[in-house]
Amino acid sequence: MNHVGVGYDVHALVPGRKLILGGVEIPHTHGLEGHSDADVLMHAICDAVLGAVGKGDIGTFFPNTDPRWRNAPSRIFLEEAAHQVALFGGTIINIDATIMAQQPKIMPHAEQMKGNIAKALGIAGSKIGIKATTNEQLGFVGREEGMAAMAVASVSLPD
């Protein structure tokens with residue numbers, strides 16, 4: 001039986017931090033603020049995968065009040081999400097994700113992001129879709145105050 005999960009994450013852009021998206025460090029004047037590496041793409045995917053198996057969200061497994069996750073790479077979170085699917089005897093069918101960022105350009109890094117995400121989830125990169133869009137200068141994304149990502153995960157689980 002197919003199960004679907006939806007994930008969404010948002011972080012503020014701040015000076016003095018690295019910008020990490022999909023496990024890739026992208027040159028930019030600002031990075032994303034957060035307890036871990038603040039990788040909005042991996043966080044949204046993690047929530048989507050966990051949602052597909054009914055296991056809550058990233059904060060359930062990795063609370064931002066726990067010092068163990070301070071500056072942690074989000075790859076760890078995806079690995080745990082994949083582990084949760086495996087505990088149910090399931091398989092991740094595919095992931096589709098969109099990054100919302102006014103700047104910098106995201107798509108030149110998409111293939112490397114896919115590789116990082118695929119490795120963490122234990123699936124083929126061909127099962128991962130990554131898109132990017134601006135907000136046409138509207139809202140917090142358009143004003144370059146932050147970035148957001150949304151993702152959908154399809155997981156096959158035994159009946």
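The protein chain contains five helices and seven strands, where helices (H or I, at least four residues) and strands (E, at least two) are DSSP runs numbered from the N terminus. The model is predicted, so local features need pLDDT of at least 70 and side-chain atom pairs count only at pLDDT 80 or more, while totals for chains, interfaces and linings use all residues. Residues are numbered from 1 along each chain as its sequence is written, and side-chain values use heavy atoms, with hydrogens and water left out.

In sequence order, the elements of the protein chain follow the pattern β-β-β-β-α-α-α-β-α-β-α-β. The radius of gyration of the protein chain is 15 Å, close to the 15 Å that the globule rule gives for 159 residues, so the chain is as compact as a globular protein of that length. This radius is taken over C-alpha atoms, and the rule is 2.2 Å times the number of residues to the power 0.38. The C-alpha trace spans about 45 × 35 × 25 Å along its principal axes.

Of the 159 residues, 50% are buried, that is, under 20% relative accessible area (1.4 Å probe, protein chains only). The accessible surface of the protein chain, computed by the Shrake-Rupley method with a 1.4 Å probe, comes to about 7600 Å², and 54% of it belongs to carbon and sulfur atoms.

Phe 140 is found in helix α5 (residues 139-142). With a relative accessible area of 31%, Phe 140 is partly exposed, meaning between the 20% limit for buried and the 50% limit for exposed residues.
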